[in-house]
Amino acid sequence: MQRSHSLIALACLASLSVAPDALAGGRNPGSVLIYPVHRSGPTMFSIVSVTNTNLNPATPVSLGGSTNVHYEYVNVTPGSTPFMPLNCVIFDRIEFLTPADTLSVLTTCHNAVAGNIEGYVVVTAEDPAAVYGTAWSFDYLVGSEIVISASGVGYSINAIPFSSPVASMQPTDLDGDDKLDFDGNEYEGIADYLIVDSFVAAASSQLTLINLTGGDQDKNTVLMSIWNDNEFPLSTTLAFNCWFDQPLSRISPLFSNAFLATVPNDPRELDLNCDGTGDIETGWAIIDSIDVSEPGGGTIATDGAVLGAITTGPFTALSGGRLLWESENVQTNGAFFNR
C-alpha cells in the first residue's frame with residue numbers, strides 16, 4: 001500500500017509540471033519578475049523571494065528544470081524633486097535555482113549597496129549552460145516580497161510576472177539589443193493603462209510607478225483621471241523618470257481628504273461610526289501615459305509603458321500594499337532600459 005501511495009504522489013507531481021501555456025488565465029508564472037519596490041539599508045529593508053515551479057529533475061545529460069535567475073537592483077539616486085531622481089544605477093548578481101527550488105534574500109545583504117537605498121528589482125530567467133546574461137524563455141518563476149518600513153511595519157506584495165512567447169528554454173533576445181523587450185515577441189506587453197481600484201484619502205497611501213519606455217532620464221508624463229466617491233471627475237498630470245514611491249497627497253492635492261471634502265460627494269461613504277454619515281473621503285483613478293520625451297524635449301513615444309503599486313511607504317504606521325489593476329490592452333514599446 002505504501003508503494004501505491006508513493007506512485008500516486010509521483011504522478012501528482014508530474015501532473016503539476018505542465019507546459020506554461022496550459023495554465024489558466026490570471027497571474028501566472030513568468031520568465032521575468034518585476035518587484036515594484038525595494039528598500040535596502042539599516043533602517044528599512046525588503047525580503048525578495050523567487051520560486052522555480054518547474055519540477056523536472058536533472059539528468060546526467062540535462063539540467064532539467066534548473067535555471068539561473070539574474071537579479072538587477074535598480075537603485076535610485078534622489079534628486080531635487082522626488083519624481084525626477086538623478087539616476088538609477090543597477091547592481092546585479094546571479095543565483096542558480098534547481099527544480100522546485102525557492103530562494104529568499106534580504107536586500108540589504110544581497111543588494112550590497114551601502115546606505116538606505118530604494119528602487120525596484122527585476123529578476124530574469126537565464127540559461128545556466130550559456131554565456132553570462134543569456135535570457136531565456138522559462139515561464140516557471142513566481143515571487144513576492146516583504147517590505148519593512150522605517151516604523152517597523154511591513155507589507156507583502158506580489159511580483160509582476162511576464163511570460164515569453166519564445167519556445168521554452170530558448171534565448172529571448174530576438175533583436176540582439178541586450179534588453180528585455182516587452183513587445184509581445186520577446187516577452188508579453190505591458191498594460192496600456194493602470195487602475196487604482198480605490199484609495200482612502202486620509203490613509204497616507206503611496207503610489208509607486210516605474211517607467212519602462214526610454215532610458216532612466218527620459219520623462220514619462222501620465223494622465224491621472226480621478227473619480228471621488230460620488231463619481232465626480234477630476235484629473236491631473238505628473239511627469240517622472242525611472243521610478244518613484246510618493247504619497248498620493250504629494251502627487252496632487254486632488255487625492256487629499258481636505259480637497260475631496262469640498263467637491264460633491266456621497267455623504268454616506270466610509271461611515272466609521274455607523275451613524276449614517278460618511279467620515280473619510282475615498283476615490284479611484286486611472287493612470288495612463290500620454291507622452292515620453294528625452295531630457296532635451298524630443299518625443300520618444302506618445303503613450304509609454306508604466307507599472308505600479310499602492311504602498312504604505314517607509315514612514316506611515318499603517319501597513320498594506322497591492323499591485324495596481326491593469327488594462328487588457330497592452331503597450332509593446334516597453335523595455336528594461338539598462339542590462
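The legends below describe close-up views of a predicted model.

In this predicted model, local features need pLDDT of at least 70 and side-chain atom pairs count only at pLDDT 80 or more, while totals for chains, interfaces and linings use all residues. Residues are numbered from 1 along each chain as its sequence is written, and side-chain values use heavy atoms, with hydrogens and water left out.

**View 1. The largest nonpolar core has 28 residues.** A nonpolar core is a set of buried Ala, Val, Leu, Ile, Met, Phe, Trp, Tyr and Cys residues joined through side-chain atoms within 4.5 Å; buried means under 20% relative accessible area, exposed over 50%, and partly exposed in between (1.4 Å probe, protein chains only). I34, Y120, F182, L212 and F336 have the most contacts inside this core. Strand β1 (32–40) is among the elements that give two or more residues to the core, and β1 gives the most, with three. Strands (E, at least two residues) and helices (H or I, at least four) are DSSP runs, numbered from the N terminus.

**View 2. M224 lies in strand β14 (residues 219–228).** M224 counts as buried because its relative accessibility is 1%. Beyond residues up to four places away in sequence, M224 touches several residues, including L207, L209, F255 and I287; contact means heavy atoms within 4.5 Å.

**View 3. Four strands form an open sheet in the order β16-β13-β19-β20, with antiparallel pairing.** Two strands pair if DSSP finds at least two bridges between them. The edge strands, β16 (243–247) and β20 (322–323), each pair on one side only. Strand β13 (residues 206–211) pairs with β16 over five bridges, and F244 in β16 is the bridge partner of L209.
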